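Me: I'd like to learn how to read a few features off a model. Can you walk me through them one by one?

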Amino acid sequence: EAKNDQRAQQVTEIVKTNSVIERDLAKGQAAVESLREQLAGTDGNYRQLSEQLSEASSAYNQQNIQFIQQQNKVQTLEQEVTFRRNRLKELGEQDTSNKDQLEKLAKEARQFDEQEKTLAKNLEVMYANRTEYQATLNAVEQDYFTARTDINKLEDEIRRENRRRQDGQILVNQLKEKFTDIKFKINGLAERLKIEFNLGLDELGQLEIEEWVGAVGDLEMKVDRLRGRIGNYGEINPMAVEAYDEMKERHDTISQQRDDIVEAKTTLVKTIKEIEETATVQFLEAFERVRTYFIDVFRSLFTEDDNCDLILLDPENPLESKIEIVAKPKGKRPTTISQLSGGEKTLTATALLFALYLLKPAPFCIFDEVDAPLDDANIAKFNKIVKKFSKDSQFIIVTHNKLTMEAVDTIYGVYTNEQQGSGVLPVQFKELEGSGTFSAVA
């Protein structure tokens, strides 16, 4: 408010100054009119009056400029006063809102205090209940452990009874087996009596054997001899014919299945042989093409005098054979690829990849920082061959190398935006109509 009063006082002073300037301006205009009248009456003072007129005009212009400046200041001060008043009004409203919110918070604080007192009382009651419950729990636990001990004793008794029951069940099963054996023997004797003597067990019980009493010894000897003869013959199986027919049918079925399996094996071996022959021919053709492509691409990456090759270690079994990669840049005679430098290994692997690519070109090819171990000279060779093959396919290269970025047609920069998310910014270097594109992601 003090600042607003100061601004209002400044406005009042400026208005007063403007009034003085307007009075001075009116006096100057009156002087100009007087001089013009004198000029009309007197030609001799024309030059002096002209000079006075010029000075009065200059003074008028200067006062007019000051007047305009004062008006601008007044407008600026009025705008600032309006802004200050609006700001003061907003601050008053915000102060009222803050007071209301403070009253609400104080009310909530009192409610929280009351709730805290209530909770404290409830907590005291709960602690008292907890003590009672703890005493009750201890008594219950003692009863539980006592009951548990009794239960363990009963479980031990049940286990003993179960063992006795299992032993009795085993004995019953053994008696059942003996009963079944005796029953089978009786049935066998009944069948033998039926077959040999045409007698049943009931008829045998009705026979009178009193005449056999005096010659028991002879009968026993005769029975022993007959039993020996019967034993020599062996037991007669009345189900032998049915068993033979069943076994013969099973033998015929198994024989037919065996013949089918042998025939299927022969057909499968023949098919496998044809597949291996076809696969071998196609593999050898593809291997020779890849070998030729590998040599061409390797020499384009290195020099024409460099030597490289792909060799089958087992030519007699090409499908199972390992492949040896030979790479001998000019001036080096390494025995294994592991003796090459990191850049030479990368170029060799790139040559092999492009050889496989030429065997069956794909519409897209993605390289993920394959140029990382290469120096500037080798990167130029790598970019040259990628540019060559980009006429037929689209290559996408993830790289941090500036030379590779300079050689591409389109570059996509990945950055982190303000929301901590990833963004992509594409930059189009050139467009090649009718040819593949060569893009890089940095």
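Reply: Axes are lines fitted to C-alpha atoms, for helices over the stretch in contact, and angles run from 0 to 180 degrees between N-to-C directions. Helices (H or I, at least four residues) and strands (E, at least two) are DSSP runs, numbered from the N terminus. This is a predicted model, where local features need pLDDT of at least 70, side-chain atom pairs count only at pLDDT 80 or more, and totals for chains, interfaces and linings use all residues. Residues are numbered from 1 along each chain as its sequence is written, and side-chain values use heavy atoms, with hydrogens and water left out.

Me: At what angle do helix α6 and helix α7 pack?

Reply: In general, two packed helices are described by the angle between their axes and the distance between the axes. Here α6 (residues 342-359) and α7 (residues 376-389) pack at about 5°, and their axes are 12 Å apart. That makes α6 roughly parallel to α7 (angles under 35 degrees count as roughly parallel, over 145 as roughly antiparallel, 65 to 115 as roughly perpendicular and the rest as oblique).

Me: Which residues of α6 and α7 make the contact?

Reply: Contact means heavy atoms within 4.5 Å. On α6 you'll find L347, T350, F354, Y357 and L358, facing N378, F382, I385, V386 and F389 of α7. By class, that's eight nonpolar, two polar and no charged residues (Ala, Val, Leu, Ile, Met, Phe, Trp, Tyr, Cys and Pro count as nonpolar, Asp, Glu, Lys and Arg as charged, and the others, Gly among them, as polar).

Me: What is the phi of E369?

Reply: Most residues other than glycine have a negative phi. E369 has a positive one, about 55°, although it is not a glycine. E369 is in the loop between β3 (364-368) and α7, and is partly exposed with a relative accessible area of 34%.

Me: How many disulfides are there?

Reply: A disulfide is a pair of cysteine sulfur atoms within 2.5 Å, and by this rule the count is zero. C308 counts as buried at 2% relative accessibility, and C365 counts as buried at 17%.

Me: And how many helices and strands does the protein have?

Reply: Eight helices and seven strands. Of its 442 residues, 17% count as buried.

Terms used:
Buried < 20%, exposed > 50% of the residue type's maximum accessible area, 1.4 Å probe, protein only.
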